[in-house]
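Open the model in your viewer and keep the sequence panel beside it. This tour tells you what to select next and what you will find there.

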Amino acid sequence: MQRPNKGKTPRRPGPKKASNIEKDPVGVYCRIRPLGAEDEECCVEMISSSTIQLHAPDGLKANRNGEYKETQYSFKKVFGINTTQMELFEDVAKPLIEDLIHCKNGLLFTYGVTGSGKTFTMTGSPGEGGLLPRCLDMLFNSIDPVQAKRFVFKPDDKNGMEIQGQVDALLERQKRDSQQSVPRTPSSKLKADPDCADMISSEEACKSENVDEDCCYSVFVSYIEVYNNYIYDLLEDVPFDPIRPKPPQSKILREDQNHNMYVAGCTEVEVKSTEEAFGVFWKGQKKRRIANTQLNRESSRSHSVFTVKLAQAPLDADGDHILQDKNQVNVSQLCLVDLAGSERTSRTRAEGSRLREAGNINQSLMTLRTCMEVLRENQMCGTNKMVPYRDSKVTHLFKNYFDGEGKVRMIVCVNPKADDYDETMLVMRFAEMTQEVEVARPVDRTICALAAGRRHRNRAFRDELSRRLEEQGGPSNALDDPALLNQLMESIPAMPRCELVDPADDQTLPRLIEVLERRHRVRQMLAEQFNKTASTLKSMIEQFDSQLNAKETLLHDQRSKLSEKEKFIINQRTELERLEKKSKTLEYKVDILQKTTDMYEHDKRSLQHELETREQRLQRELSERRRMEQQMHGMVTDTKLKWEKECERRVNAKQLEMQNKLWVKDEKLKQLKAIVTESSSCGSNGTPTERPERPSRQRDHGTGQKRSASPSPLHGNVFKTRGGGQAVQFTDIETLTQECTTTSSRKRRSGSGEGAAQMEDIENRPPVASTSSSLWYQKRRKP
């Protein structure tokens, strides 16, 4: 009985990707760590600025040929043991900060065996700040003049950003200031944490010059770790309970509306300076899981991900406030990842929880290697295999970087000591494979349609207004200056005591009247000053209005001209589109004709080839036929000659045989005739007759004449045999005449069988004069 198949939830279709997306390979860099001691054996050699060579250590087994194999690996750039942190930052991380400011995502991670210097490369030490503090320093040096006030941007817990109004942001700031648990960080630099002090010197500070001043920026940071394939928030404030401590809760991964992965419920802290940002990082760094192993005194037991998220929004048309439009907010992020090092338990001798941690670390790194292999195979071979991102939290979190867009860079940290040779070989192979993986190049975001330079014009307007107010003697910033307000309030006399105790008191009322008169005079002076200032401001406003009207008139004229130009451009664009459509139509027709021509040419070549093939086949068949005719003709001729010779041979042989038989019969007949004749002669006369001469057979053959048909006497000798009888030996031959009788011939042929049938033609020939050439004879006797 078959079980019914369980229905699966269909996958949500991902974003459609354009086929013409430009891609860049993953940038892989190599950094070589100095040896711990000078007498240690080194197995890594830097050949050039982009190539290293690995030498097998002395204790390693040689290959089959008895030689040690030396392998070379190439990178985008190789940093030697004397490379400073600043040089590494300039080549690797600085372009990522430039892209971050221009709304482009980036991913930077360190990879290598345990103890190869990954954490030092990423974090650094006092006086030698790593990539992370230098990235934060460059970012804040670049956007510090154009930062938005705190709580203007607010995360929406769905990997997006919202814009709050000034009142809501002010209430948030007041609420934060009132909470003592959250220390306030003013814009001025406070005393830094001793653990992270003096990370970057002032001489090494850098900034980006390509910052859009018409935007406001805010920086948010988050810090997580992946421990035993679980995600934990290192910035989460967990209340401390000494009696029943609560373990940290793991977080889950979610996908936002743009199909980007993010950690749900992760703490995002808004920071306004390098010191505050690095302080938040160090707060999470103290919670990160670090243990002492045989190979590293402070070995990272988890993968850490520090995310810098930059939110930016354009200013309004006046250049005073942020544009209250969520669609205009651009959010870009840079992930700085410190991967835990791969290690072998046979060397670390880990047990218990350390062994479990090492297994999970190696498994996640193996999943990362598998994902890179499948990505490379899909891109190079055109396959569509599923990439196993979900097998590990690390690869699942960075899925959108490899399937989406962004810039990915990897720093391979190498420890050149001989003990790490085997692990270093695996790291080099992974780095060599990763360089062949391509990531979609980040595209430029849409630019706000408002005119550029709004902030600068607003600032210039305020400065010009203050200058003109000062020139005309009016207070420029009287209401904004607290010292002037205090001085003005002190110039007004205080009210005296107004209690009348005695009806005859004549001092209190005059004193009160005097004070009120003085206050009245001050108020009049203030009113006159106010009216004067108001009139001055009014005249200035009228002047500004007239200038504004003139500017508006000019702007109206320019707009009318611009509209005419735009109409002309639209017409030209329409004409251009029409011509482009026509060109595309013609190109399409040309393509169709070209395809048709190619098809006809192909058919023509095919038919010509087929015709040539058939002609060649026909020629071969004709030549074969001629050859067969010649061969058959020769065989017929040879067979004919052969049979003619055979017939002639057989006829000659049969003639000779018949001649011999005929001669024997002739001899016998002659002897018999001689006996008969001799017997008759002896009976009548009693005397023997004369023996006639034996005619010569050669003479008979030579003359070709017939002998006489008259009988001639036969001569022979009679002698006695052993049995008592008598035998005759003929000494003469009687001349015989050939008689060709058809009846006798047919009777003889019927008894002779197959041999007589073959001699039919010979028997029908005309008679020959010689007796040796006759076949059948009949003796003619007289009556």
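**Stop 1: strand β4**

Select Thr-51, which sits in strand β4 (residues 51-54). Helices (H or I, at least four residues) and strands (E, at least two) are DSSP runs, numbered from the N terminus. This is a predicted model, in which local features need pLDDT of at least 70 and side-chain atom pairs count only at pLDDT 80 or more, while totals for chains, interfaces and linings use all residues. Residues are numbered from 1 along each chain as its sequence is written, and side-chain values use heavy atoms, with hydrogens and water left out.

Is Thr-51 buried or exposed? Thr-51 is buried, because its relative accessible area is 13%. Buried means under 20% relative accessible area, exposed over 50%, and partly exposed in between (1.4 Å probe, protein chains only). Now show the contacts of Thr-51: Met-46, Gln-72, Tyr-73, Ser-74 and Val-78, leaving out residues up to four places away in sequence. Contact here means heavy atoms within 4.5 Å.

**Stop 2: the cores**

Move to Ile-52. Ile-52 is among the residues with the most contacts inside the largest nonpolar core, along with Phe-75, Phe-398, Val-412 and Met-428. That core has 55 residues. A nonpolar core is a set of buried Ala, Val, Leu, Ile, Met, Phe, Trp, Tyr and Cys residues joined through side-chain atoms within 4.5 Å. Beyond four places in sequence, the residues that Ile-52 touches include Cys-30, Ile-32, Val-44, Phe-75, Val-78 and Met-428. In soluble globular proteins, nonpolar side chains tend to be buried together.

**Stop 3: Tyr-29 in β2**

Select Tyr-29, in strand β2 (residues 27-32). Tyr-29 counts as buried because its relative accessibility is 4%. The C-alpha atoms of Tyr-29 and Cys-413 are separated by 8.6 Å, although the two residues are 384 apart along the chain. Neighbours within four places aside, Tyr-29 is in contact with Phe-75, Lys-76, Lys-77, Phe-79, Asp-91, Val-92, Arg-409, Met-410, Ile-411 and Val-412.

**Stop 4: α1 against α3**

Color helix α1 (residues 85-101) and helix α3 (residues 131-143). They pack at an angle of about 45°, with their axes 9 Å apart. Axes are lines fitted to C-alpha atoms, for helices over the stretch in contact, and angles run from 0 to 180 degrees between N-to-C directions. So α1 and α3 are oblique to each other. Angles under 35 degrees count as roughly parallel, over 145 as roughly antiparallel, 65 to 115 as roughly perpendicular and the rest as oblique.

The crossing of α1 and α3 is right-handed. A crossing is left-handed if the near helix is turned anticlockwise from the far one by less than a right angle, and right-handed if clockwise. Show the contact: on α1, pick residues including Met-86, Phe-89 and Ile-97, and on α3, residues including Leu-131, Met-138 and Leu-139. By class, the residues of this contact of α1 with α3 are eleven nonpolar, two polar and three charged. Ala, Val, Leu, Ile, Met, Phe, Trp, Tyr, Cys and Pro count as nonpolar, Asp, Glu, Lys and Arg as charged, and the others, Gly among them, as polar.

**Stop 5: α3 against α5**

Leu-132, Pro-133, Leu-136, Asp-137 and Phe-140 of α3 meet Thr-274, Ala-277, Phe-278 and Phe-281 of α5. This contact of α3 with α5 has seven nonpolar, one polar and one charged residues.

**Stop 6: two loop residues**

Go to Cys-103, in the loop between α1 and β7 (106-112). Phi of Cys-103 is near 65°, a positive value in a residue other than glycine. Cys-103 is buried, because its relative accessible area is 7%. Next, find Phe-151 in the loop between α3 and β10 (153-155). Phi of Phe-151 is near 70°, also positive in a residue other than glycine.

**Last view: the whole chain**

Zoom out. The chain has 17 helices and 25 strands. Of its 783 residues, 34% count as buried.
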